[in-house]
Amino acid sequence: MQLENAVPLRWPSGPLEIARRGKSEGFDPEIRQTLERWHDPAALEFLNGTAVDCIAISWAAGLPADAEQQRTAGPLIDAARRRNLAVVGWVDGAGDRKAAIAAAKTAGIEAVAIGGAAGSSDLPAIAWCEREDVPWDSTASAVAIGGNVWPGVNMASGGGAASAGPTSVPWLDSNGWYIQMARARLKAPLWLTFDPPGKGEAVLPRSHVKAICDSEAAGGRWVISLDDKLRSGLAAATPAAIEGWKQIAAAAAFFKGHANWKSYRSLGLMGVISDFAGDNFGLTGEILNLMARRDLLFQVIWKSQAMEQTFSGLQALLYADSTMPDPALRRKIADFMEQGGLLLTSPAWGKEGKPAPPDFETQFDVSAVGKGRLAVARKAIDDPYEVAVDTQFLLSHRNDLVKTYNGASSGCTRYTASADGKTALLQCLSYADGGRAGLRTIWVREKYRSARLLTIGGQPAPIDGQPSDEYIGAEYHLPANAPQNYVALEFER
Amino acid sequence: MNRRQFVSGLGAAGFAMIQPGRMRASAPASRVAIARCKSYGDEFVAAAGKMFDQLGGLGRVVRGKTVTIKINLTGVETARQDYLPQSRTIWTHPRTVGGVIHLLDKAGARRIRVVEGPWIWPASLQEFMLKAGWDPNLVLSAAPRVELINTNMPYKGSKPFTRFSVPHGGHLFPAYDLSSAFAESDVLISMTKIKEHGTAGVTLSIKNLFGITPTTIYGNKVPKDEPAPKPYGGRQEIGHMGSRQPPSSSPSEKNPTTPREGGYRIPRIVADLAAAVPVSLAILDGIETIAGAELPRPGTTEAISPGVLVAGANVVNTDAVAMAVMGFDPMADRGKAPFETCDNTLRLAEELGVGTRDLGQIEVAGEAIEDVVFKFRDHGGPRQWRPPGSRRTA
């Protein structure tokens, strides 16, 4: 089976998982029983008819329980194969890779997920890594990256109030910026690994749905990981658990059905160039995160690929790396600026042109260079928040492509187009868990020939654009029953 | 007539034929005009022009002057009542701003400035308009020499802020530090929607002045000793709750033992401001608005179309007439609608000598109040009075 468009579900079960979790806080008899039940082939029952076509089972972790895990997993693997489910054996970094791969092959497992670049393997491999050590040039079947956040509104511990950024605006946790950054470089499909938060408490199914949407909208695929309570409920086939699982499965099916969206390119007018290495990753990565939260739509340009990429369609570039680009790339960036673009950069670039300050304060000295503008930070760039804010103002909201009204804790909007440019896709996310903020309106600068509203579990429905009352563009009024956390608008030019 | 004479009350005579015999001893009365108006655009311009004529004519007041229009862009720019743009429900409408600018220009205004201090906005007012989905050209191209100023930020002229003392010492603060744009202004216009307000009962031309307090001085998280370089929060801490004082560079409250609740504080602050920075013309838009609160609140607020405009040279007089049009008694005290949980802003401004709220003392031109009454309390859902101090306003 091809793993490129697989929908994987983390499948913790058996002696190895019991051994791994047995000493962790919150481990209790119920969890133990669930891990045992999930090792039973009958547990696969709830996957019938769903989009999930791959289970990622614990295979080796360098523990004594490895052997028993591999010995007892046979019936589960066989049952999965009978159901046309691919099985990926997860090999923890401490495991004996060779022995684990050999055992996986013997057991009939389709692929192994192993640390690092995966290297040579007799089996298809998933390269499993953390954000700090991604094998960017891996040709593995997929690259599974950990170190992600659970998407949602970040709640302050104890107080129950949404934690705030510098301006009291609720903080959104999202992996979208990282996925966009990684996908701009990776050749292999990108999987994300992260688990539900909390120690044993139930996580709402819609939180899992948000996790799927946050990953998929940016072009990644989450290795679905259910919380202990839901796994327990599914093992016992409780109606509540089954109902919750249906919501999650519907979201997975929705995105599996739109696999072509992953090939769409960002329509953002802001290009962000970096090598995303070391401190540059910390700084520019966080700038991307904050831009995404502000719906400042961007395109990621890896410095190593920048000479091959066109800057056409962009209106601004940000270059915040501590070291300046080589002469050829600097010339290319300068040409972009002189032909009418805006360049935001650090003091190392040096000042040029004639001062052209905006009529508001920023941390940049702005000058006119050719037909464009150069914005040089007055001091070394060290505050990603200020950069994101100033960038949006200097680019100007005059260039906004999309606005969302009444989107509760919305952000990280994705606006992309097909390669031929005939279809555009707007994916709107809301990270709120609570009630509605009211009827939602989506404003889009471009006027399209037609539009469809797509929702998880719903039928695509035509939606008419209304002329904007006071400005250019068109407004789309979402029906009252449109789901809060995710909608997509598909436009035809 | 210099600015001080103008703003101290004589200016009102430019618009209205004051009848000294009918005035309250310390609270002036001037004519208020009411017009029916169903739409923005040409109908508004015609109606407003007629109202200004009924008030004595714009030219006598604005010719050769710097005119400042305080508009109202309260709340966050992404919150709407249903699908309706904010300008049709909670904000000053850009077409009414453009229309008034056009009339001011025709009347000979030398320079026209549109000002607002939107919540925590640190950039230009034009940028806010663009983010909010306005076309700034509806305002900027309505006449030559139109400027947009974000009064949250230090003014870029001779000095960033100017201190405005409150006559008679003020209710809450003895003086306020405001953008020096207000000091450079000869004529101040307060232009806003007719609405109810969760903390202050109503939000009309006086309450609109709350937004002139710069959030770099009166905003949350400002430094202790000096203004913040840019806003970091709304006006809750210093304005609504009184949980802290402005930076030491600005005047502190007169009496920090007074109630720390919005229903006490906000009416006093805006009454102080109405006395300290007198408004020469109040223009209230009841063409389209909301009932139930000042900001969209599902289940409470409802979009309504009273189809009425109210304008006058005196903010208290004008707000009193507007309250009557809304179906409220401007003489109502705390506990009575719409002041269930707050003090009456109009009474407090009246006490500072700004103007009378006694409808018996106010001459009304144009439509009669009783012919245009639109009872706000007949619309919207149950009012949800929030705990004092918990509201965000401009």
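**Contacts, cores and a helix pair**

Trainee: Which residues does Cys54(A) touch, not counting residues up to four places away in sequence?

Mentor: This is a predicted model: local features need pLDDT of at least 70, side-chain atom pairs count only at pLDDT 80 or more, and totals for chains, interfaces and linings use all residues. Residues are numbered from 1 along each chain as its sequence is written, while chains are lettered from A and ligands numbered from 1 in the order in which they are written. Contact means C-beta atoms, placed from the backbone, within 7 Å. On that test Cys54(A) touches Leu3(A), Ala6(A), Val7(A), Pro8(A), Leu9(A), Leu85(A), Ala86(A) and Val88(A).

Trainee: Which residues touch the most other members of the largest nonpolar core?

Mentor: Such a core joins buried Ala, Val, Leu, Ile, Met, Phe, Trp, Tyr and Cys residues through C-beta atoms within 7 Å. Here the largest has 140 residues. The members that touch the most others are Cys54(A), Val112(A), Ile126(A) and Val143(A).

Trainee: Which helix gives the largest share of this core?

Mentor: Helices are DSSP runs of H or I, at least four residues, and strands are E runs of at least two, numbered from the N terminus. The share is 8 residues, and they come from residues 239-256 of chain A, helix H9.

Trainee: Why does Phe161(B) count as buried?

Mentor: Phe161(B) sits in strand S5 (residues 161-165) of chain B. Buried takes 20 or more other C-beta atoms within 10 Å, exposed 12 or fewer, partly exposed in between. Phe161(B) counts as buried because its C-beta neighbours inside 10 Å number 22.

Trainee: How far is the C-alpha atom of Phe161(B) from that of Ser180(B)?

Mentor: The two residues are 19 apart along the chain. Phe161(B) also touches Ser180(B), along with others including Asp177(B) and Leu178(B). The C-alpha separation is 4.8 Å.

Trainee: How are H1(A) and H2(A) oriented: roughly parallel or roughly antiparallel?

Mentor: The axes of H1 (residues 14-21) and H2 (residues 29-37) of chain A come within 8 Å and cross at roughly 155°. Under 35 degrees is roughly parallel, over 145 roughly antiparallel, 65 to 115 roughly perpendicular, the rest oblique. The angle therefore makes H1(A) and H2(A) roughly antiparallel.

Trainee: Which residues of H2(A) make the contact with H1(A)?

Mentor: H1(A) contributes Gly14(A), Glu17(A), Ile18(A) and Arg21(A). From H2(A) come Ile31(A), Arg32(A) and Leu35(A).

Trainee: How many residues does chain B bring to the contact with chain A?

Mentor: Chain A brings 25 residues. The largest share on the chain B side, 3 residues, is from helix H5 (residues 125-132) of chain B. The total for chain B is 26 residues.

Key: Axes fitted to C-alpha atoms, helices over the stretch in contact; angles between N-to-C directions. Contact = placed C-beta atoms within 7 Å.
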